[in-house]
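Good morning, and thank you for making the time.

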Amino acid sequence: MAAKPTVYLFHGDDTLAIEEAVDGLIKRQGDPANAAMNTQRFSADSADLSDVAQACAALPFLADRRIVVLKKPGRWAVDSDRWARFQSLLDSLPASTALVLNEPTLLSEKSALLKWAQAHPQASLVRSYPTPQGGDFDSWLIRRCEAKGGSIEPAAAQLLAELVADDAERADQE
């Protein structure tokens, strides 16, 4: 069996889909109480790199893995000193840690985060989550309703898409 990735890079403007992907990783931990004890969330807007590194180094308690979620990690890639330290962290993650990088924008191929992930395919898993547009958004709404046990007519889905301006989170609330 292949080793699990230590870095999960989820990027895109469909923040609802990204949060669901993160929640799915956490739910796979098993018991919700144990999963909660082994999950920490940070934002690069306010977190210190040393705090994130400390969370990543901590051993999981009554679980196979520890999950550390870092929102907006791309902010650390723009400063060369901070990026070098962050790369060092990415390169040294223990197998008992899953570092989830939650970037709420679609990354370009020039992105330092994507380049790091491409250079470390055994250690990383990359998923992009663009918000569906136009007719694809209408189809997304129909599938979303069905997944929640409901249904919606195509014309109603089209009207809802127009009303929420292809905003997945707002459409999900409606």
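The largest pocket has a volume of about 220 Å³. A pocket here is defined on a 1 Å grid over the protein atoms alone: it is an open set of points where a 1.4 Å probe fits, with protein on both sides within 12 Å along at least five of seven lines, and lining residues have an atom within 4 Å of a point. Grid points are joined across faces, edges and corners, and the volume is the space filled by probe spheres set on the points.

This is a predicted model, in which local features need pLDDT of at least 70 and side-chain atom pairs count only at pLDDT 80 or more, while totals for chains, interfaces and linings use all residues. Residues are numbered from 1 along each chain as its sequence is written, and side-chain values use heavy atoms, with hydrogens and water left out.

Which residues line the largest pocket? They are Lys-4, Tyr-8, Phe-10, Ala-21, Leu-25, Arg-28, Gln-29, Asp-64, Arg-65, Ile-67, Ala-98 and Leu-125. The elements giving two or more residues to this lining are β1 (7–11) and α1 (15–27); helices (H or I, at least four residues) and strands (E, at least two) are DSSP runs, numbered from the N terminus. By class, the lining has seven nonpolar residues, one polar and four charged, where Ala, Val, Leu, Ile, Met, Phe, Trp, Tyr, Cys and Pro count as nonpolar, Asp, Glu, Lys and Arg as charged, and the others, Gly among them, as polar.

Turning to the chain as a whole, there are eight helices and five strands, in the order β-α-α-β-α-β-α-β-α-β-α-α-α. Of its 174 residues, 43% count as buried; buried means under 20% relative accessible area, exposed over 50%, and partly exposed in between, with a 1.4 Å probe and protein chains only.

In α5 (residues 112–119), Leu-113, Leu-114, Trp-116 and Ala-117 are buried. Viewed down the axis of α5, these buried residues fall within an arc of 160°, so they line one face of the helix; the arc is that of the directions from the helix axis to the C-beta atoms. The cover over them includes β1, α4 (80–91), β4 (97–103) and β5 (124–128).

In α3 (residues 49–57), the buried residues are Leu-49, Val-52, Ala-55 and Cys-56. Their arc around the axis is only 125°, which puts them on the same side of α3. Gln-54 and Ala-57, on the other side of α3, are exposed. The buried residues of α3 pack against β2 (39–43), β3 (66–71), α4 and β4.

Where is Trp-76 found? Trp-76 sits in the loop between β3 and α4, and at 0% relative accessibility it counts as buried. Beyond its neighbours within four places in sequence, its contacts (heavy atoms within 4.5 Å) include Leu-49 and Val-52, as well as Trp-83 and Phe-86. The side chain of Trp-76 also reaches the backbone oxygen of Ala-44 at 3.4 Å.

Leu-62, in the loop between α3 and β3, has a positive phi of about 55° although it is not a glycine. Lys-72 lies in the loop between β3 and α4, and has a positive phi of about 60°, again without being a glycine. Leu-62 counts as exposed at 58% relative accessibility, and Lys-72 as partly exposed at 23%.

Key
Polar contact = N/O pair within 3.5 Å; in protein donor to acceptor, adjacent residues only side chain to side chain.
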